[in-house]
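Hi everyone, thanks for coming along. I'd like to walk you through one fold today, so let's bring it up on the screen.

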Amino acid sequence: MPFVPLTIPLWAARISGSVLLLCCAFVIGVAHAAPATVEMWGRQGCPYCAEAKDYLAELQRRRPDTRIVYYDVVRDAAARERFVMLNAAHQVTRPGVPAFLVGDHYLIGWNATDTPTEIEAILAGRPLASAEHTQLQNPLLGAIDPARLG
């Protein structure tokens with residue numbers, strides 16, 4: 001049987017080429033997605049901030065693809081300004097440290113059981129058990145339930 005060249009209209013070839021380019025771009029985009037970032041605002045001398053930093057160091061060892069960024073709200077004016085802006089954007093009337101931004105989730109306070117679970121759920125794309133911490137830890141007052149505050 002003789003070889004018969006396949007002729008494709010020019011418009012069909014252009015569409016096929018565009019589809020191929022889009023598929024390649026999608027595959028490359030998925031393979032090179034930006035790493036997850038966990039940002040933390042804290043201050044030196046804060047015991048909960050120290051615990052949170054230790055946890056984030058351990059998280060970094062377990063998930064080397066996760067980017068961890070720490071900001072000191074006392075020593076870094078730009079970080080403090082962003083912290084104030086984040087609190088305003090999330091309608092936080094009583095800001096505190098440590099505070100975390102994971103994706104578009106803003107978490108305030110540290111509970112050694114709940115906060116790591118929430119951070120890792122966000123990183124894994126799982127829904128959070130609750131939209132906010134059920135309790136905040138305060139060195140002077142102990143556990144505080146935000147739902148009970150006026």
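Among contacts in the protein between residues at least 6 apart in sequence, what percentage join residues at least 24 apart? The answer is 51%, with a contact meaning heavy atoms within 4.5 Å.

Before going further, a word on what we are looking at. This is a predicted model, where local features need pLDDT of at least 70 and side-chain atom pairs count only at pLDDT 80 or more, while totals for chains, interfaces and linings use all residues. Residues are numbered from 1 along each chain as its sequence is written, and side-chain values use heavy atoms, with hydrogens and water left out.

Now the overall layout. The protein has 4 helices and 6 strands; these are DSSP runs numbered from the N terminus, with helices being H or I of at least four residues and strands E of at least two. Along the sequence they follow the pattern α-β-α-β-α-β-β-α-β-β. Of the 150 residues, 28% are buried, and by buried I mean under 20% relative accessible area, against over 50% for exposed and partly exposed in between, using a 1.4 Å probe and protein chains only.

Let's turn to the sheet. It is an open one of 4 strands, in the order S2-S1-S3-S4, with mixed pairing; two strands pair if DSSP finds at least two bridges between them. At the edges sit S2 (67-72) and S4 (105-108), each pairing on one side only. From one strand to the next, the twist averages 15 degrees. Angles here run from 0 to 180 degrees between N-to-C directions, and axes are lines fitted to C-alpha atoms, for helices over the stretch in contact.

Look at S1, residues 37-42, which pairs with S2 in the parallel sense over 6 bridges. Met-40 is the residue that stands opposite Tyr-70 in S2. Because 5 of its 6 residues are buried, S1 is largely enclosed by the rest of the structure.

What packs on this sheet? H2 lies across S1, S2 and S3 (99-102), running at about 160 degrees to S1. H4 packs there too, touching S1, S3 and S4, and its direction makes about 15 degrees with that of S3.

Those two helices also meet each other. The axes of H2 (residues 47-62) and H4 (residues 114-124) come within 12 Å and cross at roughly 35 degrees. The crossing is right-handed, that is, the near helix is turned clockwise from the far one by less than a right angle. H2 brings Tyr-55, Leu-59 and Arg-62 to the contact, and H4 brings Pro-116, Ile-119, Glu-120 and Leu-123.

Staying with H4, its buried residues include Thr-115, Glu-118, Ala-121 and Ile-122. The buried residues of H4 pack against S1, H2, S3 and S4. Just after the helix, Gly-125 takes a positive phi of about 80 degrees.

One last stop: the cysteines. Cys-46 counts as buried at 6% relative accessibility, and Cys-49 is buried too, at 1%. How many disulfides does the structure hold? There are 0, taking a disulfide as a pair of cysteine sulfur atoms within 2.5 Å.
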